[in-house]
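Look over the sequence and the model first, then read on.

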Amino acid sequence: MSRTFVEMVLTANQEYLKGFLQGYIAGVGVEYPFFFNHEAGIEAESLTEKIQEWATLSDKYQYVILEKALYEALQASAAIFSEATKIVSVKNVKSCQFEVTIKAHSRDDSKAIRELVQFRPSTLEMINWQESEEIDEKAKGVELYTPAHDYTYKASGSFKGDLETVIEFRKKLTGFSAVTAGEIKLERQ
């Protein structure tokens with residue numbers, strides 16, 4: 001069963017907030033996952049919010065996605081509130097997805113990427129997946145860093161699912177240099 005997460009936007013210093021959450025989790029002795037948007041590849045704000053942040057010329061807002069049980073524990077203990085930390089918004093995370101484009105010239109990379117996609121977690125939905133292979137016999141023997149390649153594998157589409165699965169799968173995919181993955185977009189409630 002997948003966990004329930006909330007997206008919390010706070011005005012806080014990132015190092016302080018990260019240390020606070022790690023300390024709180026260590027203190028209560030329960031493993032609660034949490035993710036900062038930029039570390040996990042999660043799109044966290046609208047263009048309007050980004051422009052407001054740029055206008056202040058600071059990293060004023062922190063976007064952290066945490067397990068709902070951790071959020072409730074923090075609320076119950078009132079531990080998150082201080083003069084340095086203010087909660088701006090809290091929204092439930094229903095699901096999330098990211099887009100990916102792949103262009104590989106290595107048959108080995110292509111095979112590994114295909115296997116990763118084929119044997120992805122069963123809870124991960126693949127949307128609008130398209131893939132193709134091109135073989136150009138005339139380019140055979142040309143070196144790797146030239147504009148002509150004898151083999152090209154292309155694919156594109158999206159993956160949708162629960163937060164932890166999507167983050168982990170995106171991390172595995174982006175381990176290949178042939179993969180360009182967009183930020184994870186949250187579906188909020």
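## Strands around β3

Strand β1 (residues 5-11) and strand β3 run antiparallel, joined by seven bridges. L10 stands opposite Q62 in β3. Strand β2 (residues 34-36) also runs antiparallel to β3, with three bridges between them. Here F34 stands opposite L66 in β3. Two strands pair if DSSP finds at least two bridges between them. Strands (E, at least two residues) and helices (H or I, at least four) are DSSP runs, numbered from the N terminus.

Strand β3 spans residues 61-67 and is mostly covered, with six of its seven residues buried. Buried means under 20% relative accessible area, exposed over 50%, and partly exposed in between (1.4 Å probe, protein chains only).

## Basis of the model

This is a predicted model: local features need pLDDT of at least 70, side-chain atom pairs count only at pLDDT 80 or more, and totals for chains, interfaces and linings use all residues. Residues are numbered from 1 along each chain as its sequence is written, and side-chain values use heavy atoms, with hydrogens and water left out.

## Two crossing helices

Helix α1 (residues 14-28) and helix α4 (residues 68-77) have axes that come within 12 Å and cross at roughly 90 degrees. Axes are lines fitted to C-alpha atoms, for helices over the stretch in contact, and angles run from 0 to 180 degrees between N-to-C directions. The two helices, α1 and α4, are therefore roughly perpendicular (65 to 115 degrees; under 35 is roughly parallel, over 145 roughly antiparallel, the rest oblique).

Which residues of α1 and α4 meet? F20, L21, Y24 and I25 in α1 meet L70, A73, L74 and S77 in α4. Contact means heavy atoms within 4.5 Å. By class, the contact of α1 with α4 has seven nonpolar residues, one polar and no charged. Ala, Val, Leu, Ile, Met, Phe, Trp, Tyr, Cys and Pro count as nonpolar, Asp, Glu, Lys and Arg as charged, and the others, Gly among them, as polar.

## Aromatic pairs

The whole structure holds seven aromatic pairs. Rings of Phe, Tyr and Trp (its six-membered ring) pair if their centres lie within 6.5 Å; planes under 30 degrees apart count as stacked, over 60 as edge-to-face and the rest as tilted. The ring centres of F5 and F35 are 6.1 Å apart and their planes lie at 50 degrees, so this pair is tilted. F5 sits in strand β1 and F35 in strand β2, 30 residues apart. F5 counts as buried at 3% relative accessibility, and F35 counts as buried at 18%.

W129 and F159 are also a tilted pair, with ring centres 5.4 Å apart and planes at 50 degrees. W129 lies in strand β5 (residues 125-135) and F159 in strand β6 (residues 151-161), so the pair ties together parts 30 residues apart in sequence. Both W129 and F159 are buried. F98, W129, F159 and F169 form one aromatic cluster.
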